[in-house]
Amino acid sequence: MHPPYVVTVSSEKGGVGKTTLATNLAIYLKALHEDLPVLLFSFDNHFSVDRMFRIGRETPGGDVFDLLNGRPPETLAQVGEYGVSYIPSSRRLATARGRLRSPGILSRILAGSSLRGIVIIDTRPDLDVFTQNALYAADRVIVPVKDAPSLENCKNLYDFFESQGLSKRPLRILPCLVDSRIRYDGPFRDPYRLLKGYAINRGYRCLEGYIAKSPKVESLNTNPEGKIYPVLTHGRGTEVHLQFAHLARQIFVGTKTEEERRLETVRSELGLQEEQRDNAFQSRREGLQTQCLLCGKTLVEAEGVSPAGYYAETFDGNVAGFLEEECFTETVFRYFYHAQREVGANDPLRDLFRESALRSFFVLRRAPNTRNFYQQQLSFYRFDEEGLEVSHKTVELKEFEARFLKKERSPLFQLASRTLFDPKGRLGDDFLLIRRVGSDFPEEILYDEHYARLREIGEKIAAQIPQEEPSPKNGLRAS
Ligand SMILES: Nc1ncnc2c1ncn2[C@@H]1O[C@H](COP(=O)(O)OP(=O)(O)OP(=O)(O)O)[C@@H](O)[C@H]1O
Ligand SMILES: [Mg+2]
């Protein structure tokens with residue numbers, strides 16, 4: 001099923017007939033093909049769309065503000081007069097401006113909807129972010145121009161397409177409010193031909209024909225009922241009636257071309273991005289060690305809850321895996337905090353540590369400038385959320401140590417050997433970045449947005465870590 005064909009009416013110049021064009025085009029298209037679903041909405045705050053299409057009192061159900069906030073357009077569309085659906089205009093749009101940062105939001109919302117047929121968007125006389133969103137989604141942009149200055153303004157529209165890397169093919173100029181009584185001498189006999197000549201001269205493409213200025217059409221805005229009447233029902237005797245009919249046919253023919261619709265392109269780009277995200281996640285996940293990097297126990301998921309409490313990866317990306325929550329807490333206390341006394345399993349210090357770990361990044365690395373020391377030195381750093389150093393401590397890295405009257409292999413040594421050792425079994429130049437993860441889904445950290453943050457902090461930390469002094473030519477050196 002094709003997504004809808006989107007027609008945006010836009011010009012930075014005010015009062016050139018945009019709203020009149022958008023609203024009447026909807027009706028003429030519907031008249032041309034009764035079965036064609038036509039949906040209209042406006043980013044304008046004049047409520048002309050509502051005044052023309054509302055049947056009786058408006059049923060509360062949301063407006064274009066809700067549309068931009070992600071409410072599905074199908075649930076906002078109201079069936080209006082003449083069989084045209086519309087989304088009510090909004091007084092709250094200004095408050096959505098801050099949140100609407102990218103021009104691609106509306107196109108993603110429409111691409112994700114089940115709308116069909118034609119969507120017509122009326123815009124404000126401004127190239128603000130609302131108009132940009134309407135342009136970004138468009139298969140056809142109708143640019144009404146009524147005089148030379150409004151034609152000059154078109155350049156900004158073309159520049160916008162250029163800046164977004166979009167094809168300028170959808171853009172079409174349409175002379176509007178043309179006074180057909182005016183005649184000139186010379187090759188451009190009337191304002192229509194003159195405007196068209198200007199446009200072609202600048203390399204702009206034009207729709208066929210124009211919309212004439214008609215006092216009858218102007219009067220359709222003002223009546224005792226407070227409604228706006230369409231040209232089709234109340235202005236049949238005018239030349240504008242024939243001009244709108246011709247315009248609607250041109251737009252309809254445009255919907256029949258084989259070209260991929262704008263929202264189809266948006267859909268496949270979205271699909272592609274999602275696929276890339278999935279692939280990136282999967283490949284990071286597949287590269288993980290399956291055992292706790294500290295104790296070596298396999299991290300089995302029991303009923304969806306993993307004992308993994310920390311994610312660790314070397315900055316060069318060679319080794320990545322999880323650390324058991326208890327293993328890491330135990331190690332940190334044993335070697336780096338309160339090493340002088342035993343911190344029991346129920347000690348509140350542990351809770352305090354776990355809680356503050358949520359806002360920390362930890363790093364393990366060979367102590368600066370100890371590359372050639374016979375005795376290996378390991379530094380443990382704590383950084384805050386912004387990647388600024390909070391504290392660090394250095395300990396001697398021993399393979400075996402006495403504990404409870406026994407000699408046992410040091411877990412810290414195990415961790416270092418699994419992650420930081422070079423082929424000679426010595427601490428290399430890399431560092432290990434450690435971050436607390438949620439136990440219900442530890443792999444979440446491998447999703448693009450979280451992972452990008454980890455890497456960003458990693459870069460920041462790498463830049464702060466003291467540079468190694470060049471290694472001396474012969475052997476050991478004192479610090
Ligand atoms: N073909 C026409 N003949 C005569 N008057 C017209 C015609 N089309 C529009 N008008 C009148 O011109 C005025 C501006 O039209 P309209 O509101 O459609 O322009 P707009 O570009 O949407 O304006 P804005 O930029 O303020 O949103 C209105 O009073 C309207 O009735
Ligand atoms: Mg308008």
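## Helix packing and cores

The buried residues of α13 pack against β1 (5–9), α6 (105–111) and α7 (129–136), where contact means heavy atoms within 4.5 Å and buried means under 20% relative accessible area, with exposed over 50% and partly exposed in between (1.4 Å probe, protein chains only). Those buried residues of α13 are R262, L263, E264, V266 and F281. Helices (H or I, at least four residues) and strands (E, at least two) are DSSP runs, numbered from the N terminus.

This is a predicted model, in which local features need pLDDT of at least 70 and side-chain atom pairs count only at pLDDT 80 or more, while totals for chains, interfaces and linings use all residues. Residues are numbered from 1 along each chain as its sequence is written, chains are lettered from A and ligands numbered from 1 in the order in which they are written, and side-chain values use heavy atoms, with hydrogens and water left out.

The table sets out helix spans, for which the expected value is 1.5 Å times one less than the number of residues.

| Helix | Residues in helix | End-to-end C-alpha distance | Expected span |
|---|---|---|---|
| α1 (18–32) | 15 residues | 21 Å | 21 Å |
| α14 (325–336) | 12 residues | 16 Å | 16 Å |

Two packed helices are described by the angle between their axes and the distance between the axes. Here axes are lines fitted to C-alpha atoms, for helices over the stretch in contact, and angles run from 0 to 180 degrees between N-to-C directions; angles under 35 degrees count as roughly parallel, over 145 as roughly antiparallel, 65 to 115 as roughly perpendicular and the rest as oblique.

The axes of α1 and α12 (residues 239–255) come within 9 Å and cross at roughly 70°, and the two helices are therefore roughly perpendicular to each other. On the α1 side the contact involves T20, L21, N24, L25, Y28, L29 and L32, which meet H241, F244, A245, L247, A248, R249, I251 and F252 in α12. By class, this contact has 11 nonpolar, three polar and one charged residues, where Ala, Val, Leu, Ile, Met, Phe, Trp, Tyr, Cys and Pro count as nonpolar, Asp, Glu, Lys and Arg as charged, and the others, Gly among them, as polar. Because 12 of its 15 residues are buried, α1 is largely enclosed by the rest of the structure.

For α14 and α15 (residues 348–357), the axes come within 11 Å and cross at roughly 110°, which makes α14 roughly perpendicular to α15. The α14 residues E325, E326, F328, T329, E330, V332 and F333 meet L349, R350, F353 and R354 in α15, and this contact has five nonpolar, one polar and five charged residues. Helix α14 is mostly covered, with 10 of its 12 residues buried, and just after it H338 takes a positive phi of about 50°.

A nonpolar core is a set of buried Ala, Val, Leu, Ile, Met, Phe, Trp, Tyr and Cys residues joined through side-chain atoms within 4.5 Å. Of the 54 residues in the largest such core, Y311, L323, F328, F362, L364, I434 and I461 touch the most other members, and its largest share, six residues, comes from α14. A second, separate core of 42 residues includes M52, Y192, Y210 and A245.
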